[in-house]
Amino acid sequence: MANNLQGSIPRIVLTGIDPAAGPLDSRWTTVRAAVMDALVEHGCFEAVMDGLIAPELTAAALGPGGAVESLLSLPVSAKARNTSQMPYRGYVGSVPGLPYESLAIVDPLNPDAVRAFADLMWPDTGNKSFCESMHAYAEKVAVLEAMVRRMVLESAGATAEYIEEQAKATSFKLRLTEYVAPGTADGRVVGLPAHRDTSFLAVLTQNDIDGVEVECGRGEGEGEGGGAWARPALLPGSFLIFAGDTFKVLTNGRVFNPLHRVVMSGDKTRYSSILFSSPKDDVIVRAIDEAVDAQHPAVYRPFEYGEYVVFCYKPEMLRRTNKLDAFAAVRVDG
């Protein structure tokens, strides 16, 4: 594992941005340009949006003894009830050599879905406080996700009608994760290997333990040590935003989908919450019309999102770092 951490990613302040004003507000257009530049160059950025989530809610979700810790502290037999027919939408854990456990709440913006998840984990009580904290937390994070997604689509030329229809075809998943501390101050242990997300966007929050590392500069080196990696030291209450494979397709290759990993050290356990936005499984993913022309032909063929997810988790594909090209790149002969 390379340890060349001289890279950095942008930090963008979105505090006070009014989505209702949109492009009529000069600050919206200025920040929109910065967001697009960050996702084109790095595929990620740190978003600062003071006041979006109250400190009390952050503590209830990710603080010591909070909702995420209480969930991950359950016996494996309970967590294993979080299952799905689709890959990576249920419990993942007990992987040899990885200090990693994670569960998924599908449709976390729906209070009934969060309640059903809690009933599965705590069949005797349902854990009302968990439901209230995680649903409220997901709703707040979704405000930021929607703002960033709209900014990028506007930058790529999408119409207001397209953005509205695209939002209706979007689904959400909330992954709650624990990385057990290795107990070494100077050693580095891989908590999650380098990978790219299949989603539109992923919005990550965490407790006060950093660990995410991102390969910078559109990934020169493709994870083999040739590119510079950054280890963002997130400000309290800030968010780390990643673009995924399907956002790269929508923008016809303009937005980058970065490799990222988690590397742990020290003696404190890391907890994180990631809100993923993705197309619904039956949605056909394709570049928006405004992003394709004679000078910029389509880079990827249209495909059904659910089919792509299944492809990505085939055993022979798990170690490949560029699954999107393998699945959907348009090949040009000669």
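Which residues of H9 are buried? This report on a predicted model starts there, then moves to other parts of the chain.

## Helix H9

The buried residues of H9 are Tyr305, Gly306, Tyr308, Val309, Phe311 and Cys312. Helix H9 spans residues 305–312 and is mostly covered. Of its eight residues, six are buried.

What do these buried residues pack against? Two of the partners are helices: H8 and helix H10 (323–328). The others are strand E11 (270–279), strand E12 (284–285) and strand E13 (303–304).

## Helices H1 and H6

Two packed helices are described by the angle between their axes and the distance between the axes. Helix H1 covers residues 26–41, and helix H6 covers residues 128–155. Their axes come within 9 Å and cross at roughly 85°. An angle of 65 to 115 degrees counts as roughly perpendicular, so H1 and H6 are roughly perpendicular to each other.

Which residues meet at this crossing? H1 brings Trp28, Val31, Arg32, Val35, Met36 and Leu39. H6 brings Met147, Val148, Arg150, Met151, Val152, Glu154 and Ser155. By class, the contact of H1 with H6 has nine nonpolar, one polar and three charged residues.

Gly43 sits in the loop between H1 and strand E2 (44–48). Is Gly43 buried or exposed? Its relative accessible area is 0%, so Gly43 is buried.

Gly43 and Ile241 are 198 residues apart along the chain, yet their C-alpha atoms are separated by 8.3 Å. Leaving out residues up to four places away in sequence, Gly43 touches Ala38, Ile241, Phe242, Ala243, Phe256 and Pro258.

## Two residues with positive phi

Most residues other than glycine have a negative phi. Asp107 is not a glycine, but its phi is positive, about 65°. The loop that holds Asp107 runs between strand E3 (100–106) and helix H5 (111–121). Asp107 has 33% relative accessibility and therefore counts as partly exposed.

Asn252 also has a positive phi, near 55°, and is a residue other than glycine. Asn252 is found in the loop between helix H8 (245–250) and strand E10 (260–266). At 9% relative accessibility, Asn252 counts as buried.

Val92 lies in the loop between helix H4 (76–79) and E3. With 22% relative accessibility, Val92 counts as partly exposed; the cut-off for buried is under 20%.

The C-alpha atoms of Val92 and Lys79 are separated by 8.9 Å. Along the chain, Val92 and Lys79 are 13 residues apart. What does Val92 touch beyond residues up to four places away in sequence? Its contacts are Tyr100, Glu101, Ser102 and Arg175.

## Asn207 between E6 and E7

Asn207 lies in the loop between strand E6 (201–206) and strand E7 (212–215). Its relative accessible area is 16%, so Asn207 is buried. Setting aside neighbours within four places in sequence, Asn207 is in contact with Leu62, Thr269, Arg270 and Tyr271.

## The cavity

Rolling a probe the size of a water molecule over the atoms shows where empty space is left. How many cavities of 30 Å³ or more are there? The count comes to one. About 30 Å³ of space lies in the largest cavity.

Its lining is made of Leu204, Gln206, Asp210, Gly211, Val212, Pro232, Leu234, Leu240 and Arg270. By class, this lining has five nonpolar, two polar and two charged residues. Arg270 is on this list, and Arg270 is also in contact with Asn207.

## The second largest pocket

The second largest pocket has a volume of about 390 Å³. Its lining comprises 23 residues. Thr58, Gln206, Leu235, Pro236 and Gly237 lie nearest the centre of the pocket. Gln206 also lines the largest cavity.

Which element gives the most to the lining of this pocket? H2 does, with four residues. Helix H2 (55–62) and E6 each supply at least two residues of the lining. By class, the lining has twelve nonpolar, eight polar and three charged residues.

Terms used. Residues numbered from 1 in each chain as written. Predicted model: local features only at pLDDT ≥ 70, side-chain atom pairs only at ≥ 80, totals over all residues. Heavy atoms only, no water. 1 Å grid on protein atoms, 1.4 Å probe; cavity = no way out; pocket = protein on both sides within 12 Å on 5 of 7 lines; lining within 4 Å. Points joined across faces, edges and corners; volume = space filled by probe spheres on them. Nonpolar A, V, L, I, M, F, W, Y, C, P; charged D, E, K, R; others polar. Axes fitted to C-alpha atoms, helices over the stretch in contact; angles between N-to-C directions. Parallel < 35°, antiparallel > 145°, perpendicular 65-115°, else oblique. Contact = heavy atoms within 4.5 Å. Buried < 20%, exposed > 50% of the residue type's maximum accessible area, 1.4 Å probe, protein only.
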